[in-house]
Amino acid sequence: MKKALCLALILLIAGPVMFVAGGFWVDNKKDDVVITTTTLYGDSEEAAGLMLRMASQWQDQLIWETEYTLGSGETASNFIFSSWGKDWPKTAVDEITVDYITNWGTDDVGGNAVRGSFDPEGYPMSKIVQAVMDRTEPGERRTETVMLKDYYEFYPLEFHLQEYLADGQTLEVYYYESKGFFADFFQVPVGDDIEQITLEKDFAGDVTDVQCKGLSGVSFHNLSAFGQQGCYHAFYLENWENDEMKGLGGTYGIYYYPYIEDTNRNRGLTVDLEQARIVSSLESGIELVDMALNESQDRLYLVTKEENVYYLNVFESDNGSLALSQKLLVRSDLMERYDGYEPWLAQLSVQENGVLLVWQDGSFVFAVSNGDEMEVWEPEQFPSIQSFVFPSENVWSFDGQRLALASFADWSSTSVNLAVYTRAGLVWYGICEAWYDVGEHSSDFGDEQEINTFRISPPGTVIRNQGYRPRNIPVEEILGIDWE
């Protein structure tokens with residue numbers, strides 16, 4: 001037993017020591033990063049001046065941040081050694097949702113804490129729960145099946161706001177219809193929904209358990225975009241149970257929620273629901289696909305779909321108010337191109353000089369910002385070549401004439417696929433790969449001793465005998481391109 005404890009202690013001490021020693025061994029070779037570029041299509045001169053930046057790692061212990069300008073042959077790297085491993089920021093997306101909650105129970109929100117203090121207004125479908133509560137005798141466990149429309153004209157919805165704070169924590173805020181904040185919002189007519197409510201009281205008459213089970217006839221697709229002073233929100237009903245649900249009238253649109261005074265994004269976000277308002281009406285039945293905000297240009301972008309045609313709606317923003325300035329047709333040929341199979345929109349990315357829309361098959365459309373107006377590019381594309389683009393995990397840069405796209409080839413290597421387009425189409429496509437020389441001590445980090453054999457990979461991906469875990473950080477954190 002003592003021998004086992006001694007061995008464990010030795011291993012505990014030896015592990016960090018080995019990595020510290022490894023750091024010194026690798027330090028002499030830290031700048032020996034070689035970038036090789038292979039042209040697969042076009043003329044490499046078309047990519048001259050394109051700067052590639054990538055972060056690479058081995059087991060979160062050895063970290064390289066490398067910059068390379070195509071055509072120069074010069075590579076610059078910063079090297080970091082971490083004996084205990086470097087933490088990388090996780091993917092975090094703030095969001096606003098409204099939804100009709102059909103299945104819930106007090107076990108999910110406090111368990112026995114409801115005893116003696118249960119208030120239906122703090123839960124979904126408060127009118128139904130209150131009615132069943134009034135009909136339940138002390139000591140009784142009662143189950144009722146009710147029609148939602150016997151109690152509600154419009155769906156009682158839950159408003160949920162989730163923000164990822166700068167310190168990595170999550171802030172969540174819930175509001176229910178019983179609070180009255182949305183009396184003039186989200187008026188979706190109730191369908192033929194059925195709810196089963198089970199409620200139990202103890203012999204003192206206190207509620208000890210509530211369970212709700214149902215199947216909704218409506219589901220919501222929510223969009224949101226966050227600024228520094230407030231946030232925008234819109235929703236689309238993805239399935240319609242009856243024609244009446246299309247008659248949302250003036251309550252269907254884009255909503256704006258200003259933050260409570262003295263509250264800013266990443267400082268404990270709380271919206272001022274008393275100041276919430278509709279800032280643009282929308283026609284019912286038009287599918288809402290995606291939304292993004294360019295606050296520096298006071299523009300909100302909304303992608304809509306009407307009878308298999310995609311539009312980019314450009315709104316000018318002023319203190320939350322919106323005015324539609326352009327409606328650009330961006331795609332109309334997806335069904336014809338793929339014989340009835342329609343790829344979905346995977347990415348809406350906004351920069352100062354343009355908007356990139358990428359579909360699940362890798363095809364894309366680029367909308368160029370020319371002052372107050374926007375112009376759509378749809379360059380001739382070669383699916384067999386440009387399908388390398390990870391549909392929602394790529395970076396891009398535009399120099400006014402050339403659009404560059406980049407993505408990792410996969411998450412277990414440092415191969416980067418690059419493509420350069422002009423308005424006419426693809427002019428260059430190639431692969432850049434980073435190679436790392438850790439010298440004679442490479443065997444201390446892996447099973448082989450050749451260059452790159454201990455499998456450098458993008459951060460967030462750890463190579464192990466069992467395989468690798470997928471990237472869990474925004475691609476922009478570890479891959480970037482720009483023009484000189």
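This is a predicted model: local features need pLDDT of at least 70, side-chain atom pairs count only at pLDDT 80 or more; totals for chains, interfaces and linings use all residues.
## The five-strand sheet

Five strands form an open sheet, in the order S1-S27-S26-S25-S24, and their pairing is antiparallel. The edges are strand S1 (33-42) and strand S24 (395-398), each of which pairs on one side only. On average, neighbouring strands of this sheet are turned by 20 degrees against each other, direction ignored.

Within this order, S27 stands next to S26. Strand S26 covers residues 416-422 and strand S27 covers residues 425-436; the two run antiparallel and are joined by seven bridges. Val-416 has Cys-432 in S27 as its bridge partner.

## Salt bridges

The model has ten salt bridges. One of them joins the side chains of Arg-142 and Glu-140, with an N to O distance of 3.3 Å. Arg-142 is partly exposed, at 25% relative accessibility, and Glu-140 is also partly exposed, at 22%. Both residues belong to a network of salt bridges that links Arg-135, Glu-140, Arg-142 and Glu-144.

Another salt bridge is formed by Asp-399 and Arg-402, whose closest N and O atoms are 3.0 Å apart. Asp-399 counts as partly exposed because its relative accessibility is 32%. Arg-402 has a relative accessible area of 19%, so this residue counts as buried, the cut-off being under 20%.

Asp-192 lies in the loop between S9 and S10, while Lys-149 lies in the loop between strand S7 (141-147) and strand S8 (158-164), so the pair ties together parts that are 43 residues apart in sequence.

## Asp-193, a buried acidic residue

Asp-193 is found in the loop between strand S9 (170-176) and strand S10 (194-201). This residue is buried but has no salt bridge. The nearest side chain of opposite charge is that of Lys-149, 8.5 Å away.

What does the side chain of Asp-193 contact instead? A polar contact of 2.5 Å joins the side chain of Asp-193 to that of Tyr-155.

Definitions and conventions
Residues are numbered from 1 along each chain as its sequence is written. Side-chain values use heavy atoms; hydrogens and water are left out. Helices (H or I, at least four residues) and strands (E, at least two) are DSSP runs, numbered from the N terminus. Buried means under 20% relative accessible area, exposed over 50%, partly exposed in between (1.4 Å probe, protein chains only). Lys and Arg count as positive and Asp and Glu as negative; His and the chain ends are not counted. A salt bridge is a side-chain nitrogen of Lys or Arg within 4 Å of a carboxyl oxygen of Asp or Glu. A polar contact is a pair of N or O atoms within 3.5 Å; within protein, one must be able to donate a hydrogen and the other to accept it, and residues adjacent in sequence count only if both atoms are side-chain atoms. Two strands pair if DSSP finds at least two bridges between them. Axes are lines fitted to C-alpha atoms, for helices over the stretch in contact, and angles run from 0 to 180 degrees between N-to-C directions.
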